[in-house]
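I opened my notebook to look up a few things in this structure. The entries below follow the order in which I looked.

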Number of protein chains: 2
Amino acid sequence: MQSFIPPKRTLMGPGPSDISPQVLQALSRPTIGHLDPLFIKMMDEVKELLKYAFQTKNDFTIAVSAPGSAGMETCFVNLVEEGEKVLVCRNGVFGERMRQNVERCGGIPIIIDDKWGEPVSLDKVAQALEENPDISVVAFVHAETSTGVLSDAKAIAQIARQYNCLTIVDAVTSLGGVPLLVDEWQLDAVYSGSQKCLSCTPGLSPVTFSDKAVAKMKSRSSVVQSWFLDQSLVLGYWSGEGKRSYHHTAPVNSLYALHESLLMLKHEGIEQAWQRHADYHQELKQGLEALGIKFIVDEEYRLPQLNAVYIPVGISDTQVREQLLEEYNLEIGAGLGELAGKAWRIGLMGYAAKKENVALCLKALSDVLK
Amino acid sequence: MQSFIPPKRTLMGPGPSDISPQVLQALSRPTIGHLDPLFIKMMDEVKELLKYAFQTKNDFTIAVSAPGSAGMETCFVNLVEEGEKVLVCRNGVFGERMRQNVERCGGIPIIIDDKWGEPVSLDKVAQALEENPDISVVAFVHAETSTGVLSDAKAIAQIARQYNCLTIVDAVTSLGGVPLLVDEWQLDAVYSGSQKCLSCTPGLSPVTFSDKAVAKMKSRSSVVQSWFLDQSLVLGYWSGEGKRSYHHTAPVNSLYALHESLLMLKHEGIEQAWQRHADYHQELKQGLEALGIKFIVDEEYRLPQLNAVYIPVGISDTQVREQLLEEYNLEIGAGLGELAGKAWRIGLMGYAAKKENVALCLKALSDVLK
């Protein structure tokens, strides 16, 4: 067995996305202790930078030391207690995962379904909350990674507030790629992933809780079922006054990389990053349409950073993806769940949202589909 | 705000430990997709290398995508159901954490306590199992990171088997530093951490389950309370026949680093690694004793890789550690829990177990304590 030397791929799937050389360089800097004063200071900067990315002033803004799925679980296990009713808006794989999370922490999921590829219906949300006055939390996916659809987080949160509900929002694919205004939209618990539009390595999950969410967490009547994800314990490490208390060993080098990727976002400017995603999406869209490829999602609700398209009739899904990978070192994503075998998901996330990637993808697809 | 450029520290605390340049280099290789065939092949190699490190043939041998605390939780949430009695042997911080894990997954912890700095008493284990015939799991810490004591995992597991109990074993600090023979000792569920004697970056938790543990997991009557840590789901990604199914996005680069660090262990030979830890421990021990510093743990039960010593009378804990860090770029560990302010923990883990580290530590301590 030998050292693993990966090829240099162009990553245009649903994540991980292309990573800049600066971020990889940051990742490999010398490890220091997780309680080293310099590291604690860097963690404080990560918090500040995450606040910028989330567009929030929430004190409780950290990175969970595990992938996005653990960020999702963090929100549910801390904010849902046994017997609580949670409205789950399901229009793809990750809404369904939310339902499972609710059940596993003893909550009662009330489900509204929308078709895959369509956004969450505001009318259904309002109707479900009207019919179930004891629902206390509304959970939905802002940007569905399985279908490429964007839902109206601001409007859903507004309805939730009318019914005194907290919101749990999956922003794994939206953070950094499309507008996500946590404070302005008054979202309560929002989680994301490091490996999508932040273009950091996979393995961390940025999370932010509003004061209302923190208050709910603090007034729980039961202990959080997960020790590792219990944020009342984690907070002592991420923001203990004066002295930080050990909870678990932070993934030191991964946090260096997140720091660097967030810094790049700050330097570019988040509005500029959103615009860049929108612009290259337009370029990719025109090229795909010229190849006769059709989008799954209506233009109005389409995610610029995740382009879900139908596989052309008569074309072999796996053969095309294998050829792109082997001959062009280009990864595009397969369909997931209901869309497996029927769709491709072409990511333009973070550092991957650039002209040369669009050009490579269009030319390679055009060659391979010939 | 600027890029974070950490200093080059010598890490001789309780982990993270010094990391070799090869491992840091592996960490920063280009990210590829978590479902890329080349990555899947590398994961298979990680499994093989972990089997070597654990000295096991267990099929179920993987790395949990989160730190050691999540590895601990993985064992408890998958193997303990509501109402089950678990014997928890507590002789330090991590035994207490095990108790909390049992409670949080609905189990009933039966506690036996041993003094901090002493190993788990075999007599107490046998007596507790005799008195509580309905205990089904025995949980203990092989190498207590908070005190530097080694318990007799082989003997505890033997007693547990006499009473038809599975064992859950914390090997966070033992793996790679002292003999840990999972198959020969018939241990059932064993978890570790990447950042101790494997000298990889923090953030991953190697875990192995015996066939008996897997059978117990498969015959559960309830769903595992954690979606993220549900190993019946994770297995589809780490070892699906033919096709791997997506569960979560693996921490790709961290797994490159683990692969490299395990490869280094394989190349050195695990018996040689154990011997190296023992040898440099002897050298450190003689030097510390010459400085009048006393060990907390009796020689017989002492961990070579984690030297817990009493802070000499009249010496300021924080002042010494700060001086070592600021003037010598040397990190040693503070005491934890009961031993906070009373002890230092000097690690000689993995790549840190070498002559120059022992020399630096002894000379720096001797200077600072003058």
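How many residues of domain 1 of chain A are in contact with residues of domain 2 of chain A? I counted 27 residues of domain 1 of chain A touching 32 residues of domain 2 of chain A, where contact means heavy atoms within 4.5 Å.

Before going on, I noted that this is a predicted model, in which local features need pLDDT of at least 70 and side-chain atom pairs count only at pLDDT 80 or more, while totals for chains, interfaces and linings use all residues. I also noted that residues are numbered from 1 along each chain as its sequence is written, that chains are lettered from A and ligands numbered from 1 in the order in which they are written, and that side-chain values use heavy atoms, with hydrogens and water left out.

**Entry: the two domains of chain A**

I looked up the bounds and found domain 1 at 10-16 + 269-369 and domain 2 at 21-266 of chain A; such bounds come from an automatic or database domain assignment. Between domain 1 and domain 2 of chain A, the area buried is about 2,300 Å², with 67% of it given by carbon and sulfur atoms; buried area is the accessible area (1.4 Å probe) that two parts lose on being put together, summed over both. On the side of domain 1 of chain A, Ile270(A), Trp274(A) and Leu303(A) supply 26% of the area buried against domain 2, more than any other three residues.

I then looked for salt bridges (a side-chain nitrogen of Lys or Arg within 4 Å of a carboxyl oxygen of Asp or Glu), and the count between domain 1 and domain 2 of chain A is zero.

**Entry: helix 7 of chain A**

Which residues of helix 7 of chain A are buried? In this helix (residues 211-218), I found Ala213(A), Val214(A), Lys216(A) and Met217(A) buried. They line one face of the helix, because seen down the axis of helix 7 of chain A they fall within an arc of 160°, the arc being that of the directions from the helix axis to the C-beta atoms. On the other side of helix 7 of chain A, Asp211(A) and Lys218(A) are exposed. Here buried means under 20% relative accessible area, exposed over 50% and partly exposed in between (1.4 Å probe, protein chains only), while helices (H or I, at least four residues) and strands (E, at least two) are DSSP runs, numbered from the N terminus. I noted that the buried residues of helix 7 of chain A pack against several elements of chain A, including strand 2 (60-64), helix 3 (68-79) and helix 8 (231-239).

**Entry: chain A against chain B**

I found 69 residues from chain B and 69 residues from chain A in the contact, and the two chains bury about 5,800 Å² between them, 64% of it on carbon and sulfur atoms. Four salt bridges cross the interface of chain B and chain A.

One salt bridge joins the side chains of Asp230(A) and Arg104(B) (2.9 Å, N to O); the pair crosses from the loop between helix 7 and helix 8 of chain A, where Asp230(A) sits, to helix 4 of chain B, which holds Arg104(B). Buried or exposed, what is Asp230(A)? Asp230(A) is buried, with a relative accessible area of 4%, and Arg104(B) counts as buried at 16%.
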